[in-house]
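Please look over the sequence and the model shown here.

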Amino acid sequence: MKPIANILLTVGSLGLALVIIEFVSRELFPMVPATLNLNSTGQPIQINAENNSCRLKPNLSFVQESNEFSVSVATTRYGNRGPAPAKSPDTIFLGDSFTFGHGLADNQTFSYIYCSKSKRNCANLGRSGTGTVVQLNTLVDYLEEESWRPQEVYLFMLAMV
């Protein structure tokens, strides 16, 4: 009987210790649930285009800020994250915040790195906080409105369970 009591005491002690560590860590290192998009004066701004839910505001420079990062971001004349296609892009990157490059500087996104290294004409249509329906609508919007005819379309998503 004594070994079972020791095991229960050990498990209970470990459980209590983990609960205490969780609460202390949340107090010392609070998690901010969202990233702020700030203009040059540090005021929060809306980066989505008002008249088109598939596009971001064109030619916009802003700062993405959270408790984990602060990076400068710019959008192209088409209302996307760079790289900016000179004409109809050969390659389109489609996806969520992973594709957009949430928390990364413009030249750190994988689409930017791929396009600059391969010397391809590309467009990053990644949209933070979106699912496949919005991403498909975004692709269709650019294919119809800009008459883009890419050779390749890549869909990247960070799936979490």
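This is a predicted model: local features need pLDDT of at least 70, side-chain atom pairs count only at pLDDT 80 or more; totals for chains, interfaces and linings use all residues.

Residues are numbered from 1 along each chain as its sequence is written, and side-chain values use heavy atoms, with hydrogens and water left out.

**Disulfide**

- With a disulfide taken as a pair of cysteine sulfur atoms within 2.5 Å, the count comes to 1 disulfide, formed by Cys115 and Cys122 with their sulfur atoms 2.1 Å apart.
- The torsion about the S-S bond of Cys115 and Cys122 is about -110 degrees, so this disulfide is left-handed.
- Where buried means under 20% relative accessible area, exposed over 50% and partly exposed in between (1.4 Å probe, protein chains only), Cys115 is buried at 4% and Cys122 is buried at 1%.
- Cys54 also counts as buried, at 10% relative accessibility.

**Aromatic pairs**

- Rings of Phe, Tyr and Trp (its six-membered ring) pair if their centres lie within 6.5 Å, and planes under 30 degrees apart count as stacked, over 60 as edge-to-face and the rest as tilted; by this rule there are 9 aromatic pairs.
- The rings of Tyr78 and Trp148 have centres 5.1 Å apart and planes at 75 degrees, so the pair is edge-to-face.
- This pair links distant parts of the chain, 70 residues apart, with Tyr78 in the loop between strand 3 (70-74) and strand 4 (91-95) and Trp148 in the loop between helix 4 and strand 6 (152-156); helices (H or I, at least four residues) and strands (E, at least two) are DSSP runs, numbered from the N terminus.
- Tyr78 is buried at 10% relative accessible area, and Trp148 is buried at 1%.
- The rings of Phe98 and Phe110 have centres 5.5 Å apart and planes at 40 degrees, so the pair is tilted.
- Ring pairs link Phe93, Phe98, Phe110, Tyr114, Tyr154 and Phe156 into a cluster.

**Charges over rings**

- A charge sits over a ring if NZ of Lys or CZ of Arg is within 6 Å of the ring centre and within 35 degrees of the ring normal, and Arg55 lies over the face of Tyr142 at 3.9 Å from the ring centre.
- The charged end of Arg81 sits over the ring of Phe100, 4.9 Å from its centre.

**Thr130**

- Thr130, in the loop between strand 5 (122-124) and helix 4 (132-145), counts as buried at 19% relative accessibility.
- Leaving aside neighbours within four places in sequence, Thr130 is in contact (heavy atoms within 4.5 Å) with Gly95, Asp96 and Gln135.
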